[in-house]
Amino acid sequence: MAKAEGSSGKPVAGKPGPMVEGEVVDLLPNATVTVKAGGRIVLAHFAGAASGANFVRLRPGDRVKVAVSPHDPGRGRVVELLKG
């Protein structure tokens, strides 16, 4: 999936960045997790809907899909908990 870019070639706010699959390494305060994805460590938080109405509990070792920020590749949002 390509990066969301405007006509000037800069990332567009509000558009999701590239999606990567990874494994939860550590649980941090405030619904933040550390995810090892693609050989790098990403600090991720839960996407809006995932943190409120549909409660999702993550544990170290869980596989997740993360939308990486186009502005900071070290940050992202957990958008899906993968099975298995």
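**Entry 1**

I began with Asn30, which counts as exposed at 74% relative accessibility, where exposed means over 50% relative accessible area, buried under 20% and partly exposed in between, with a 1.4 Å probe and protein chains only. The model is a predicted one, in which local features need pLDDT of at least 70, side-chain atom pairs count only at pLDDT 80 or more, and totals for chains, interfaces and linings use all residues. Residues are numbered from 1 along each chain as its sequence is written, and side-chain values use heavy atoms, with hydrogens and water left out.

I found Asn30 in the loop between β1 and β2, and I noted that its phi is near 60°, a positive value in a residue other than glycine. Ala31 is found in the loop between β1 and β2, and it too is not a glycine but has a positive phi of about 55°. With a relative accessible area of 39%, Ala31 is partly exposed. I kept in mind that most residues other than glycine have a negative phi.

**Entry 2: the strands**

I then looked up the elements and found one helix and five strands in the chain, these being DSSP runs numbered from the N terminus (helices are H or I with at least four residues, strands E with at least two). Along the sequence they follow the pattern β-β-β-α-β-β.

In what order do the strands of the closed barrel run? The five strands run β1-β2-β3-β5-β4, with mixed pairing, and two strands count as paired if DSSP finds at least two bridges between them. Neighbouring strands of this sheet are turned by 55° against each other on average, with direction ignored; the axes behind such angles are lines fitted to C-alpha atoms, for helices over the stretch in contact, and angles run from 0 to 180 degrees between N-to-C directions.

I followed β4 on both sides. Strand β1 (residues 19–28) is joined to β4 by five bridges and runs antiparallel to it, with Glu21 standing opposite Lys65 in β4. Five bridges also join β4 to strand β5 (residues 75–81), again antiparallel, and Val66 has Val78 in β5 as its bridge partner. The hairpin from β4 to β5 passes through six residues.

**Entry 3: charged pairs**

I searched for salt bridges, each a side-chain nitrogen of Lys or Arg within 4 Å of a carboxyl oxygen of Asp or Glu, and the count came to two. One joins the side chains of Arg63 and Glu21, at 3.7 Å from N to O; this pair links Arg63 in strand β4 with Glu21 in strand β1, 42 residues apart. Arg63 is partly exposed at 31% relative accessibility, and Glu21 is partly exposed at 46%.

Glu80 forms a salt bridge with Lys65, the closest N and O atoms being 3.6 Å apart, and this pair links strand β5 with strand β4 across 15 residues. Glu80 is partly exposed with a relative accessible area of 37%, as is Lys65 at 25% relative accessibility.

**Entry 4: the core**

Last, I looked up the largest nonpolar core, which has twelve residues, among them Val33, Ala44, Phe46, Leu58, Val66 and Val78; such a core is a set of buried Ala, Val, Leu, Ile, Met, Phe, Trp, Tyr and Cys residues joined through side-chain atoms within 4.5 Å. The elements giving two or more residues to this core are β2 (32–37), β3 (40–46) and β4 (63–68). Buried residues make up 26% of the 84 residues in the chain.
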